[in-house]
Amino acid sequence: MAKKRPQSKAGKQQLKDGEIPVVGAREPCPCGSGRRYKACHGRAAAQAVTELVHRPFEGLAGECDWVALRELVPAATVELTLKDGLPEGVPSVKLATVLPMAWPALRRDDGSVLLALQNDTSSGDLSRDLADTLQRALEAEPGSPVAARRVPADGPRLQDLLAPDAAFEPDVHSGFEFWVPDAENATAEVSASLERANAAAIPTTLLSGVDAAYWCETPEKNHLRWVMPHPEEQLLDALARLHAAGTSSLGDDTRLVGSFRAHGLVVPVWDLPSSMGAEACEKPAVEFAERLATALASDAPLTAEERRARGGLTNRQVTLS
């Protein structure tokens, strides 16, 4: 017969849940249950850390641009505004798509902070992972990168650290020279990483007439990838209405080809001819936004043709996160 687990002594002080310290997975749980930590209070902590948050940027200013910079844009930076202001010795905090050697963050020699958005994270809550990295970067020694680590389940999120009403205005770059103030005097390791990153970067431009729409250039054709904030079912219905009516394109030789689903938002994608640059997309995008607003406002049942169009769009949807 299996041995019974030893019972905790009646006189032993029991800790409250909020007071249980984190210990090694195989160590006895500090609550006094007699079980290992991983089978007791560690189980809930592990589940909290790994549980996926589908919209990690919800509630942040510029949620659609956060998604775009995480999944679609090679090189960009954004000035971040902290809720409690900048700490002493930190002249600025910027979000960056990626950093050299895949650093999660970097405290520069002048004390400024760069926070990388496209790194792999340890938990299911991207916002919590980034907030933890940001806090550690603010306290790091100038001139040092910040290493990745497992994030506590009860740590703050970006929504707790960033000013909710501050503007979120991405600055899209043609390359990664923003990594270093003086690229010519960078270390050999950083220079090599910079060269590789620049060679792989896809030319990308943020449209100015609509929100979170990014034009990009590829060898065979160009694309417009547009992150939209509308509820998925409502947006797909609206796109289906436009597609069935023949008004879902952005002009001659352009086509709505499908969409991504990323961090809880839908990202419609258009194929564009190679001759259609970002500037040429501006007016068609504004006109499409007007047609989409009308379609979103409709609550009429979809027609048979619109349902077929919706099915086609759904079949061509890819989930990125």
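**Notebook: a sheet, a helix and a pocket**

I began with a single pairing in this predicted model, and found that the bridge partner of Arg107 in β5 is Ser144. I then looked at helix α3, residues 126-139, which packs on the sheet and touches β2 (93-96), β3, β4 (113-116) and β5. The direction of helix α3 makes about 160° with that of β4.

Next I went back to the strands that hold Arg107 and Ser144. Strand β3 covers residues 105-107, and I noted that β3 and β5 pair in the antiparallel sense over 3 bridges. In general, strands of a sheet pair through backbone hydrogen bonds, either parallel or antiparallel.

In what order do the strands of the open sheet lie? I read the order as β5-β3-β4-β2-β1-β6, with 6 strands and mixed pairing. The edge strands are β5 (144-146) and β6 (171-172), each of which pairs on one side only.

I then turned to Ser92, which I found in the loop between β1 (76-79) and β2.

Last, I looked at the second largest pocket, which holds about 400 Å³ of space. Its lining has 17 residues, and Leu106, Asp109, Trp179, Val180 and Pro181 lie nearest the centre. I sorted the lining of this pocket into 9 nonpolar, 3 polar and 5 charged residues.

Methods:
Residues are numbered from 1 along each chain as its sequence is written. This is a predicted model: local features need pLDDT of at least 70, side-chain atom pairs count only at pLDDT 80 or more; totals for chains, interfaces and linings use all residues. Side-chain values use heavy atoms; hydrogens and water are left out. Two strands pair if DSSP finds at least two bridges between them. Helices (H or I, at least four residues) and strands (E, at least two) are DSSP runs, numbered from the N terminus. Contact means heavy atoms within 4.5 Å. Axes are lines fitted to C-alpha atoms, for helices over the stretch in contact, and angles run from 0 to 180 degrees between N-to-C directions. On a 1 Å grid over the protein atoms alone, a cavity is a set of points where a 1.4 Å probe fits but cannot get out, and a pocket is an open set with protein on both sides within 12 Å along at least five of seven lines; lining residues have an atom within 4 Å of a point. Grid points are joined across faces, edges and corners, and a volume is the space filled by probe spheres set on the points. Ala, Val, Leu, Ile, Met, Phe, Trp, Tyr, Cys and Pro count as nonpolar, Asp, Glu, Lys and Arg as charged, and the others, Gly among them, as polar.
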